[in-house]
Amino acid sequence: MVTAQAFKICVNLKNGNGQKTLHKYGVKTKNKATADMHKVYDERADELIGYLQDEYEGFDTEENNEANPRWNGLSFVLMVIQKVDDDDELIEERKLVRAVANKLRIEEYRVGIEVEDLPICVGCDKVMTEEESDRYGDYSDAEGRPVCYSCYEYDRCEAPATVVFSDEPNEPYSIGSYHDDTEGQFKLEYHRTDGWRGHYNVVPSEDWEELHSDAILAMSQDEKDLKDFDDLLLEALNDRGIRWARVITRTSNVFCCGYDFFVETGHMEEIEHIVAQLRSMLRDPYKFHATALTGKDPDDLNDHDRVFVEMASRIMAENKERFGNEQME
Ligand SMILES: [Zn+2]
């Protein structure tokens with residue numbers, strides 16, 4: 001398991017290294033002397049970081065330099081982070097104190113170390129600092145594993161699923177890997193076709209039953225048919241006061257989105273015959289598959305396309321399991 005630790009190194013240069021030693025740097029005023037001293041210790045601190053980077057696996061300071069200015073008066077604060085895998089060598093506090101004192105050329109008693117365990121983001125493996133969580137807040141996935149703000153924000157902006165409920169038709173909810181506005185009413189399972197392609201299966205809670213599952217093929221005649229199907233379906237359900245939810249999911253194909261339609265559990269019988277009728281009117285499987293396979297509307301198919309669609313449909317029909325969203329990805 002990978003874990004991360006922060007070592008806050010506090011070095012106190014007051015006394016001894018104050019006014020008395022200023023002449024060493026050939027300066028006259030105290031402010032100028034302090035600035036020059038910072039420069040000297042900055043260089044030595046860089047040397048220290050270089051040493052630690054050579055000595056230990058997963059050692060880094062980058063993420064923290066901004067959040068933790070090294071200098072504050074005559075105290076020196078350096079935040080260093082070590083990300084360790086099981087077999088990496090751990091930084092020993094005692095050894096670190098010695099290294100700091102040695103590289104900065106000061107006495108060991110001036111070096112204080114605070115060790116803190118830091119969370120690592122499940123999305124990008126980044127080590128998260130306290131400053132970051134103070135500034136942006138804390139986030140986690142469904143299993144409670146920490147998620148950094150950038151991953152969380154991306155998950156929201158580029159959410160793989162958008163859910164619209166009949167109660168609030170103008171208020172879309174979203175579901176991602178690290179957030180779920182529906183609070184468990186729907187879950188996503190990513191179905192990987194291969195390394196590059198895939199789609200999400202929508203799994204409803206027991207409050208919902210799937211009425212219809214489809215795919216939106218962008219800019220096609222089939223898409224228009226599905227829109228009409230959706231309009232008529234909503235009308236029928238709203239007339240009967242049956243609650244519904246429509247889940248649109250992204251797939252790895254930008255021209256194709258998943259369309260999954262649910263009704264509140266217990267209303268299936270009441271609505272089934274209407275859906276069957278709408279399907280026979282507006283969901284022509286030949287049109288759908290021809291469009292999915294060729295990217296063309298059926299009217300625009302040439303002889304080659306027709307043969308191809310015919311053959312592909314036969315092959316897919318033999319393997320009904322895979323006869324779904326997959327062939328379009
Ligand atoms: Zn992240």
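Q: Which residue in β14 is the bridge partner of Leu217?
A: The bridge partner of Leu217 in β14 is Cys256. A word on what you are looking at: this is a predicted model, in which local features need pLDDT of at least 70, side-chain atom pairs count only at pLDDT 80 or more, and totals for chains, interfaces and linings use all residues. Residues are numbered from 1 along each chain as its sequence is written.

Q: What makes β12 and strand β14 (residues 256-264) a pair?
A: Two strands pair if DSSP finds at least two bridges between them. β12 and β14 have nine bridges, in the antiparallel sense, so they pass that test.

Q: How many helices and strands does the protein chain have?
A: There are eight helices and 14 strands. Both are DSSP runs, numbered from the N terminus: helices are H or I with at least four residues, strands are E with at least two.

Q: Why are β9 and β12 said to stand at the edges?
A: They belong to an open sheet of five strands in the order β9-β8-β13-β14-β12, with antiparallel pairing. β9 (173-175) and β12 (208-217) each have a single partner strand, so one side of each is left without a neighbour in the sheet. From one strand to the next, the twist averages 20 degrees.

Q: How do β10 and β11 pair, and over how many bridges?
A: Strand β10 (residues 186-192) pairs with strand β11 (residues 198-204) in the antiparallel sense over seven bridges. A hairpin of five residues joins β10 to β11, and Phe186 stands opposite Pro204 in β11.

Q: Why are α5 and α6 called roughly antiparallel?
A: Helix α5 (residues 221-240) packs on α6 at an angle of about 160 degrees, with the axes 10 Å apart. Axes are lines fitted to C-alpha atoms, for helices over the stretch in contact, and angles run from 0 to 180 degrees between N-to-C directions. Angles under 35 degrees count as roughly parallel, over 145 as roughly antiparallel, 65 to 115 as roughly perpendicular and the rest as oblique. The two helices are therefore roughly antiparallel to each other.

Q: Which residues of α5 meet α6?
A: Among them are Phe229, Leu232 and Leu233 in α5, where the α6 side includes Ile271, Ile274 and Leu278. Contact here is defined by C-beta atoms, placed from the backbone, that lie within 7 Å. Helix α6 (residues 268-282) also lies across β12 and β14, running at about 25 degrees to β12.

Q: What makes α8 a helix that lies largely in the open?
A: Of its 16 residues, the number buried is one, so α8 lies largely in the open. In the protein chain of 329 residues, 23% count as buried.

Key. A residue is buried if 20 or more other C-beta atoms lie within 10 Å of its own, exposed if 12 or fewer, and partly exposed in between; C-beta atoms are placed from the backbone. Two residues are in contact if their C-beta atoms, placed from the backbone, lie within 7 Å.
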